[in-house]
Every structure is written in C-alpha cells, then in structure tokens.
Amino acid sequence: MAEVDDSNKPLFAGLSDVSISEDIPVEGEITVPVGPSSQDDAYSTLDEPVKETILRDLKAVGKKFVHVMYPRKSSALLRDWDLWGPLLLCVTLALMLQGGSADSKEDGGPQFAEVFVIIWFGSVVITLNSKLLGGTISFFQSLCVLGYCILPLTVAMIVCRLVLLGGSGTVSFIVRLVMVVASFSWSTFASTAFLADSQPANRKALVVYPIFLFYFVIGWMILTFSPSS
Amino acid sequence: MATPDALKLKEFEETSELLFNASSVSTNSTVSRGSVLVPVEGSVKLDMSEDDEEEGQEEKSELLGGEREFSSFWTFEYYQSFFNVDTLQVLNRVRGSLWPLPGRNIVKRHLRSNPDLYGPFWICVTLVFSMTISGNISTFLSQMGDPKYQYRPQFHRVSVAAVTTFSYAWLVPLGLWGFLTLRQGAERQTGGYSFLETVCVYGYSLFLYIPTTMLWTIPLEWLSWLLILVTMAISGSVLVTTFWPMLREDTKTVAITTLVTVVLLHALFIIGCKLYFFQTAVRTGRPSSLLLHSSSNVTVALTSAAKES
C-alpha cells in the first residue's frame, strides 16, 4: 500500500484495506474489572456473624474515645468519621439529666428533648458557622468531632451523680464545680485541637468562641442538675 | 465521500471552536483569580477559599457600596458572603457599639462595606444564655437563706428567652427597615440602609446587655436600675445616632415618633427581661411565690412594692 499515491484517495480509504487476520485473538471479557468490586470479595461483610459486625463498630467508636481523651494531632477522628459515638454520648447524657427535680414541670431541669435539641442543633449551627466562615472541614467530620468531644462532660456527669449520692451540701458542690470546669476545658481544648486547623488564621477566634459557648452550656446543665430528694 | 469543500468547512469550524474555547478558558482563569464581579455563563460565585483575595474583595465591595446580590439565593456562597469578617473586624464593631459618639455613625464607620450576620446571631445566642444563667443565679442567691427553698434549674426559661430575644433582634429591625424604606421610597433611592445593616446595628447594640445581665446577679436593687439606665443610655444612643441621619430629612413628627418608638421598644425589652428573669423584688419574705406562674410573680412583686410604698 505504500506505493499508492494518497493525494487522490478519499478520506479514510486506507482503512477498508485493513483486515483482521484470524490469528489475533479477539475473544475475551468485555467487562472491565472496577476497583472496588474486586475488593468486595475480600471485604464482603454480608456473611459474617452479627457479633463481629457490632464489635467492629464498637471498636471504631472506642478508638475515637481514646483519641478524644488524649488529644494528639492525629487524623483518625476526621478521616473515619461516624455518628454512632455522638449519638451514644448524647442519649446517655440526656438520660442521666432526667432524674432531676420534676415535681414542678416549669421549674425543673432540661427535658430529654431539650438536651437532644441543644446538642444536635448546636452542633449543626456551629458546623454551619465554621463552614460559612471559610473552613475546609466537611459537615459530618465537624459534627463527629463536636459530638465525640462531649465525652469528658459525660464522664463528669457520671461522677457528679455519684458525688450527689453522698449528699448535696457545699462540699459536694465544690467538687462538682471543679469536675465540670475541668471537663469543660478539656472538651473545648480537644475539639479546638481538631477543628481549629481547618480555619483561616485570622478567624480562629470566631470559630472557637461558639464551641466554647456550646460546651459551657452543656457544663451548666450538668452542674445545675439537682436530684429530686 | 467527502468533498474538498466540506473538508475545508469542517476545518474552519474546528478552528473557530478552538478559538472560542481558548477565549472562554482565559475568562474562566481571570474569574478564578479573584475578580468575582464578572458574570460568566450566567452564574457568579464569590471565591472565598484564598486569604490573599479577601483584601481585594473588600476593596471591590466597598466600591459597589455593599451590594452583594450577585450569587443566587440558593447557593451556599450567597450566605457565605454574610460571614466575610475577621476577628479584628468583629471586635472593632463591638467596640464601636460600646462608645457611640454623635458624629460617628456605626454603619458608616464600620459596616458600610460589609454587614455581617456573625455578630448579631452569636450576640443574640450569648444574650439568651447569659440572661437565663444569670437569672437562675440571682434567684438562687436571693433565696439562699430560706430553708424551704430547693434549688431548681428553671431550664424552660431558655426557650422563653430565645423566642423573645430573637424576635426582638430580627423582627423589630424588619419593621423599622420597612418603615424607613417606605418613607424614603419616593425621595431617594440611595443612602437608605439595607435590611442587613439594620439587623447588624440592632445586633451589635445588644452586646451591652450581656455584661449588664451578668451584673444583675448582684442582689442590690438600686444597682440593677442604675445599670438599666446606663445601658439604655449607651445602647439607645447607638440606635439613635444610627437612624437620625435617615430621619433628619423627614417631617419633625415622624422623625421624633420613630426615634421614640425605637428607644421605647429597647427599654421595654430590657425592663421586661429584668422583671421576668430576675426576681429580686420577691425578697419580702414570700418564698411560696416562687412556685407561682411567672406573670403572677410580677404581679406579686408589684403589689408588694405598692404595699411597701
């Protein structure tokens, strides 16, 4: 074909001369193996026992609890976010705040729904605030961090209820005050360590203040819990 | 079979297409470098992701006098434009609301380029919680000596405080802005405050209430009323100095009535908060009144005050 002059030939004329010789194999799979589908065989979780499924999630939640209690610059909390931990903590806290003085409906402590709404709606508002100010963290990562950092306050709540079993005088109040102040500072410090890096430098304080307010209000609810006597 | 003419036409089309793509690519790159006010393909986005661009954006928005209705209402960037403030700017605005001077208009001095929603919103939230918590503490302190008294957190007051504060801080500016816009509609198109600036002024003027509510926990009656007077003087004058330039051109009666209404509503808000949340007037030895409904608490307080006088 090289000797033929190309100038007078129509476009793509040469292609009709190409023939597929029979010794080139053209059989085979048309489907292209997509990456995840080949990994699914290794990670297929449909057939495992239920205990294993639950334990895996519990272990993930527990690992994040450890990260909150000892805040280091690790990205485990951010990378594998989940909302099980925050839900667990929120429900525990709301239930423990329930046994308070409830003989007068109006003057009692926060109802379950009020605690729930404050925690979740507060987290959403703080996340929106940080995103509107130009933060680079994603919505659910931020919810995850804020929820997990309630852990010190939940621990303080448990300790406060134990202290209140021994009486509710001035000494117990001082002990509870110290506990709540310490855990509130811990929560704020832990969540700031995770969230502050994603903000532009000149707006860090604008993002940290609502977080401070959020944990302050939760701390206040814990401190003012008075059991029905 | 393709003819040579068809070939040339096709080549021409391809070349012109390439040229068009090149020009649109260059426009896109200009937009992404920070000139956010050029409409490209029907939608404009305010690019907020780089810090160096913020100064440029502020200059441009100052030139346009604060107009920012370029992004569509339904994009995230539209709302992001209301939070385009730094820590220092917020602090300056707060400081401006604390020291009002007749010559200095908070809007012109601080807000004209960039009204924000961060300040009003978080000041309202802080005020709600400071009112509730301080009220709780003051009730506790005033009842501490009474053996029959059992401490209650009174958490339902958060809902009451939130509804009151947010209605005051957002509905009153709405009404005022509507009224001012109507009055100015026929005469001047520019120079009026936008709704955002009105909300901003009200929000920052409420900042002074936060330390006031905290100081109300001190159970001295004369101190509370003195604080109310001082707060009203300062934050009322912020509002008056802001709105006086708008009303100066109007008839005397309308101007005076509007300003009096603004100050009166402000006073009602603060006095209402004081009477509802801080029951220092109940220290006449009637601990049972704590369990009554809140409105009857006020009645009891007033009747006891009347009986004493």
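This is a predicted model: local features need pLDDT of at least 70, side-chain atom pairs count only at pLDDT 80 or more; totals for chains, interfaces and linings use all residues.
## Exercise 1: Two helices of chain A

Find which residues of H7(A) meet which residues of H9(A).

Solution. 
- Step 1. Start on the H7(A) side. The residues there are A:Leu153, A:Met157 and A:Cys160.
- Step 2. Cross to H9(A). The partners are A:Tyr215, A:Ile218, A:Gly219 and A:Ile222.

## Exercise 2: The largest nonpolar core

State how many residues the largest nonpolar core has, and which of them touch the most other members.

Solution. 
- Step 1. Take the size. The core holds 98 residues.
- Step 2. Pick out the members that touch the most others. They are A:Tyr215, A:Ile218 and B:Leu206.
- Step 3. Ask which helix gives the largest share. Helix H9 (residues 204-223) of chain A does, with eleven residues.
- Step 4. Look back at Exercise 1. A:Tyr215 and A:Ile218 were also among the H9(A) residues that meet H7(A).
- Step 5. Turn to B:Leu206. Leaving out residues up to four places away in sequence, B:Leu206 touches B:Ile123, B:Cys124, B:Leu127, B:Tyr168, B:Ala169, B:His266 and B:Phe269.

## Exercise 3: One residue in chain B

Decide whether B:Thr165 is buried or exposed. Then list what B:Thr165 touches.

Solution. 
- Step 1. Locate the residue. B:Thr165 sits in helix H7 (residues 157-184) of chain B.
- Step 2. Read the relative accessibility. The value is 0%, so B:Thr165 is buried. The cut-off for buried is under 20%.
- Step 3. List the contacts, again without residues up to four places away in sequence. They are B:Cys124, B:Leu127, B:Val128, B:Met131 and B:Phe269.
- Step 4. B:Cys124, B:Leu127 and B:Phe269 are touched by B:Thr165 and by B:Leu206.

## Exercise 4: Helix H6 of chain B

Compare the length of H6(B) with the expected value. Then explain why H6(B) counts as largely enclosed.

Solution. 
- Step 1. Count residues. Helix H6 (residues 118-142) of chain B has 25.
- Step 2. Take the span. From first C-alpha to last, H6(B) reaches 36 Å.
- Step 3. Compare. At 1.5 Å a residue, the expected span is 36 Å, and H6(B) is close to that.
- Step 4. Check burial. Because 21 of the 25 residues are buried, H6(B) is largely enclosed by the rest of the structure.

## Exercise 5: Annotated spans

Solution. 
- Step 1. Read the record for chain A. An unreviewed UniProt entry marks "transmembrane region" at spans including 173-195 and 207-226.
- Step 2. Check residues 173-195 of chain A. The span is 100% helix, and its end C-alpha atoms lie 32 Å apart.
- Step 3. Check residues 207-226 of chain A. This span is 85% helix and 0% strand, with its end C-alpha atoms 32 Å apart.
- Step 4. Read the record for chain B. The unreviewed UniProt annotation "transmembrane region" covers spans including 158-180 and 222-247.
- Step 5. Check both. Residues 158-180 of chain B are 100% helix, with ends 33 Å apart by C-alpha atoms. Residues 222-247 of chain B are 100% helix, with ends 35 Å apart by C-alpha atoms.

## Exercise 6: Whole chains

Solution. 
- Step 1. Chain A has nine helices and zero strands. Of its 229 residues, 38% are buried.
- Step 2. Chain B has twelve helices and zero strands. Of its 309 residues, 44% are buried.

Conventions: Residues are numbered from 1 along each chain as its sequence is written. Chains are lettered from A and ligands numbered from 1 in the order in which they are written. Side-chain values use heavy atoms; hydrogens and water are left out. Helices (H or I, at least four residues) and strands (E, at least two) are DSSP runs, numbered from the N terminus. Buried means under 20% relative accessible area, exposed over 50%, partly exposed in between (1.4 Å probe, protein chains only). Contact means heavy atoms within 4.5 Å. A nonpolar core is a set of buried Ala, Val, Leu, Ile, Met, Phe, Trp, Tyr and Cys residues joined through side-chain atoms within 4.5 Å. The expected span of a helix is 1.5 Å times one less than its number of residues. UniProt positions are given in the numbering used here, feature names are shortened, and annotations may be inferred rather than shown by experiment.
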